[in-house]
Amino acid sequence: MSLSLYKKKRNFKKTPEPHATKDLKRSKLSFVVQRHNASHLHYDFRLQMEGVLKSWAVPKGPSMTAGEKRLAVMVEDHPLPYGKFYGEIPKGNYGAGTVEIWDSGTYEPMIESAHAEKSLLAQLHKGDLKIILSGTHLKGAFALVRMNDGKEKNWLLIKKKDEYAQQSFKIENIQSLKSNQKKKVSAAKTVAAKTKSVKTALVKKDFFPVEIPKPMLARQSRQIMDNADWLYEMKYDGYRVISKIKKGKSALYSRNGNSFSKTFQSITNELNTINEDIILDGEVVIENKKGISDFQLLQNYQTTKQGVLKYYVFDIVYLNGHSVTDFPLLKRKELLKAFFENYNFKNIFNSEYQIGEGKKLFEKLSAKGYECVIAK
């Protein structure tokens with residue numbers, strides 16, 4: 001372990017990065033992935049060992065697709081406090097640019113050992129690390145293998161096939177956990193504090209998105225992701241609907257961009273009462289006598305006209321000249337709550353959610369007749 005190269009590359013009077021100090025051992029080994037937009041965008045993959053963070057620059061970022069190889073270039077060790085660093089490295093400094101915490105968590109060797117760190121260090125020196133990550137975005141088994149190209153620094157980061165592996169994984173569509181968004185967070189708090197008008201809380205800009213935002217889709221899991229930091233919601237059985245409201249006129253679209261405005265005319269009419277320029281993401285349903293969304297009733301609605309159309313909103317994309325897609329999810333939930341406090345809708349609802357205890361929610365909803373829950 002040596003932080004001499006880390007110190008040599010930085011002037012701590014000019015950069016906010018942590019000083020080069022060795023940290024005390026922690027009960028669990030940590031990992032972090034930082035999104036670093038410097039001279040070129042890349043991701044830094046860091047594993048706690050020997051009181052420092054062993055580090056690799058991953059140009060394309062990690063993947064959750066089994067067997068997909070990512071070049072990982074080993075760089076200097078970083079101090080453990082660097083795992084919590086995010087912000088701007090000023091111009092003229094080494095690595096100048098924006099650093100975000102894309103993912104973080106704990107890790108362990110794939111094969112259980114009474115001396116985990118000793119086992120990992122042996123694997124590191126051998127050039128063949130096999131680990132299990134427990135993060136927000138990265139989960140399950142990974143291999144970090146040194147390439148036999150004579151350069152020593154070039155490795156491959158590979159996702160192993162397991163229950164967490166995904167068929168398709170686009171890292172650019174996944175938000176960072178922490179980023180330097182003080183202005184945005186401040187705006188979100190302002191909106192949440194306002195009860196008279198959401199409109200005045202954000203800086204006005206002269207644009208309104210023309211294209212319909214492509215919604216993210218859920219991926220089915222065979223087991224319940226019961227994570228204390230995750231957000232859990234009811235899974236509705238209806239049509240995903242993106243609604244755009246501008247100057248008191250609303251338009252509803254399917255996730256593929258098809259118009260739902262006339263199909264769900266009663267919802268369109270109610271959205272027309274909104275004063276804000278806003279884009280909402282949610283699901284239109286019809287509930288049966290038990291109060292559970294029934295897809296068959298919704299499908300037959302155009303023919304039978306039976307049932308009440310309801311729109312459950314679970315996300316906000318845009319508000320009064322300001323895209324909020326870079327906000328953390330919970331901040332967007334705060335915005336949504338503040339928005340709903342200004343209206344007394346009849347059949348438009350702010351979708352309920354909870355943090356953690358996903359298994360309990362699943363068991364509760366299953367007992368009522370629901371099929372599953374959404375975990376974010």
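Colleague: Why are Lys331 and Glu334 said to be separated by about one helical turn?
Modeller: Lys331 and Glu334 are 3 residues apart in helix α7, which means a separation of about one helical turn. The model is a predicted one.

Colleague: What makes the contact between the side chains of Lys331 and Glu334 a salt bridge?
Modeller: A salt bridge needs a side-chain nitrogen of Lys or Arg within 4 Å of a carboxyl oxygen of Asp or Glu. For Lys331 and Glu334 the N to O distance is 3.6 Å, so the pair meets the rule. By this rule there are 17 salt bridges.

Colleague: Is Lys331 called buried or exposed, and why?
Modeller: Lys331 has a relative accessibility of 17%. Buried means under 20%, so Lys331 counts as buried. Glu334, at 30%, is partly exposed, because that class lies between the buried and exposed limits.

Colleague: Which class does Leu330 fall in, and why?
Modeller: Leu330, which lies in helix α7, has a relative accessible area of 43%. Exposed would need over 50%, so Leu330 is partly exposed. Together with Tyr353 and Ile355, Leu330 makes a nonpolar surface patch of about 270 Å².

Colleague: What does helix α7 lie across?
Modeller: Helix α7 (residues 329-340) lies across β10 and β17, at about 50° to β10. Helix α8 (residues 358-368) lies across β10, β17 and β18, and runs at about 10° to β10.

Colleague: Why are β17 and β18 said to stand at the edges?
Modeller: The open sheet has 3 strands in the order β17-β10-β18, with antiparallel pairing. β17 (353-355) and β18 (373-375) each have a single partner strand, so one side of each has no neighbour in the sheet. From one strand to the next, the twist averages 25°.

Colleague: What makes Arg35 and Glu100 a tie between parts of the chain?
Modeller: Their side chains meet in a salt bridge at 4.0 Å, N to O. Arg35 lies in strand β1 (residues 30-37) and Glu100 in strand β6 (residues 97-109), so the pair ties together parts 65 residues apart in sequence. Arg35 is partly exposed at 25%, whereas Glu100 is buried at 17%.

Colleague: Why does Thr65 count as buried?
Modeller: Its relative accessibility is 15%, and the limit is under 20%, so Thr65 counts as buried. Thr65 sits in the loop between β3 (52-58) and β4 (69-79).

Note on methods
Residues are numbered from 1 along each chain as its sequence is written. This is a predicted model: local features need pLDDT of at least 70, side-chain atom pairs count only at pLDDT 80 or more; totals for chains, interfaces and linings use all residues. Side-chain values use heavy atoms; hydrogens and water are left out. Two strands pair if DSSP finds at least two bridges between them. Helices (H or I, at least four residues) and strands (E, at least two) are DSSP runs, numbered from the N terminus. Axes are lines fitted to C-alpha atoms, for helices over the stretch in contact, and angles run from 0 to 180 degrees between N-to-C directions. Contact means heavy atoms within 4.5 Å. Patches are made of residues with over 30% relative accessible area and no salt bridge: like charges are joined within 9 Å, nonpolar side chains (Val, Leu, Ile, Met, Phe, Trp, Tyr) within 5 Å. Accessible areas come from the Shrake-Rupley method with a 1.4 Å probe; for residues, only the protein chains shown count as cover. Buried means under 20% relative accessible area, exposed over 50%, partly exposed in between (1.4 Å probe, protein chains only).
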